[in-house]
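Here are a few friendly notes to read alongside the model. Take them one at a time, and keep the 3D view open as you go.

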Amino acid sequence: MSYLSQQPQSGGAIVTAEPKDILAEIRSYEDELIAIRRDIHAHPETGFEEVRTAALVAKTLRGLGIETHEGIAKTGVVGTLKGTRPGNRAVALRADMDALFIEEKTGLPHASTVPGKMHACGHDGHTAMLLGAARYLSENRDFAGTVHFIFQPAEEGQGGGRLMVEEGLFDRFPADAVYGMHNNPGRAVGEFGIRPGPMLAAADTWTVTFGGTGGHGGSAPHLATDPTVVLAHFILAAQAIVGRNIPSVEPAVISVGHISGGSAGSPNIIPPEVVVSGTARSYSPQVRDTIERRLRETAEGLAATYGCTARVDYQRRYPPLVNHPEQTDIAAGVAASIVGTDKVATSIPPITGAEDFSFMLEQRPGAFIMIGNGVNPDGSYHYVHTPHYDFNDAILALGSTYWVTLVGKELGVEG
């Protein structure tokens, strides 16, 4: 299947074009962007398995005359486009490509054709929006410098952004700034949200394994050391860590997501081992350290009290996503130039979701912005990571316009 196959042309006027004119031009091929988005949606691929999606992206970029590199962080793709005017600056724009392990229940014509997998976070739309911007920029190259289009694999918990950085992303594709964008259900179409500083949380996973002797729960529980009692106390005690060890002005979350132990077929047996695991979210290094320390102390202390053992595994996964002030102002200004200042919230509350774009922001200055995915008249909407969610095709051209206008802002002058 071929998309956006129109040959690139030199000329154009990205620097002087008004956002409304850019939006109008992109809307002239909006149907093609919708086709791309829905095709990707119908064929979801999870982390580091985005072979079909990456091939579609690479073919599209090459069809636009954009220098294309594949196989970065296994299935990642980077396209590089130089402007027609001299300039040493470079800007990187990032979209993610992977899907989730969720059974889709939308019933839409373009619903997932892969059992147990769906694009429940809108990465299909993120990819299509960046391809839309790539087309416009390939046909309007009157800018000074270089644009790198980063199509990242495995954002959903597997750290594709980290792997890209570790493989030398910014050594191979030097950038003075890097930008990301994510759709935001519950925010109206035509609105954006951003904040300087910490915007998304650090995401850590933890697992505690409590060990005891186990025993006969009916005839001789007094002869057993029972790890289930420790588990019960630990789950309650873990919830007190945020309330009693973290300053009230510092957001943090500790949640339990998995419990296992024993056999449903033998409910009269006290298991010798039980496991509990969950997630921890925070924004500052100090809070992150406190959560890890107190989870460990709480587990070990309770285990000792009841004559059991505790083995704690704490994994620091994604660092907090921290927007750089200068680039945040640039991103907000670009969005405002498209939809108006009143449609851009510049101090949204921190979000306890996580994003591995944070690894890129640790390496280069940049900013991450939220684009409204829509809300129903009654205030309802389907949030990301749910089986009824779908990316809103009505924002594809708007998102592409944001990317193009951002490049015009960053590379509109020689330097």
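Predicted model: local features only at pLDDT ≥ 70, side-chain atom pairs only at ≥ 80, totals over all residues.

1. On the H2 side you will find Ile36, Asp39 and Ile40, and they meet Arg52, Thr53 and Leu56 of H3. Sorted by class, this contact of H2 with H3 holds 3 nonpolar, 1 polar and 2 charged residues.

2. Now look at how the pair is arranged. Two packed helices are described by the angle between their axes and the distance between the axes. Helix H2 covers residues 30-42 and helix H3 covers residues 51-63; they pack at an angle of about 160°, and their axes are 10 Å apart. An angle over 145 degrees counts as roughly antiparallel, and H2 and H3 are therefore roughly antiparallel to each other. The crossing of H2 and H3 is right-handed.

3. Next, zoom out to the domains. Domain 1 is made of residues 19-200 together with 321-411, while domain 2 is made of residues 202-318. Between the C-alpha centres of domain 1 and domain 2 there are 37 Å. Domain 1 brings 18 residues to the contact and domain 2 brings 7.

4. Which residues in domain 1 lose the most area to domain 2? They are Gly157, Thr352 and Ala354, which together account for 48% of what the domain 1 side buries.

Methods
Residues numbered from 1 in each chain as written. Heavy atoms only, no water. Axes fitted to C-alpha atoms, helices over the stretch in contact; angles between N-to-C directions. Helix = DSSP H or I, 4+ residues; strand = E, 2+ residues; numbered from the N terminus. Parallel < 35°, antiparallel > 145°, perpendicular 65-115°, else oblique. Left-handed = near helix turned anticlockwise from the far one by under 90°. Contact = heavy atoms within 4.5 Å. Nonpolar A, V, L, I, M, F, W, Y, C, P; charged D, E, K, R; others polar. Domains from an automatic or database assignment. Buried area = accessible area lost by both parts, 1.4 Å probe.
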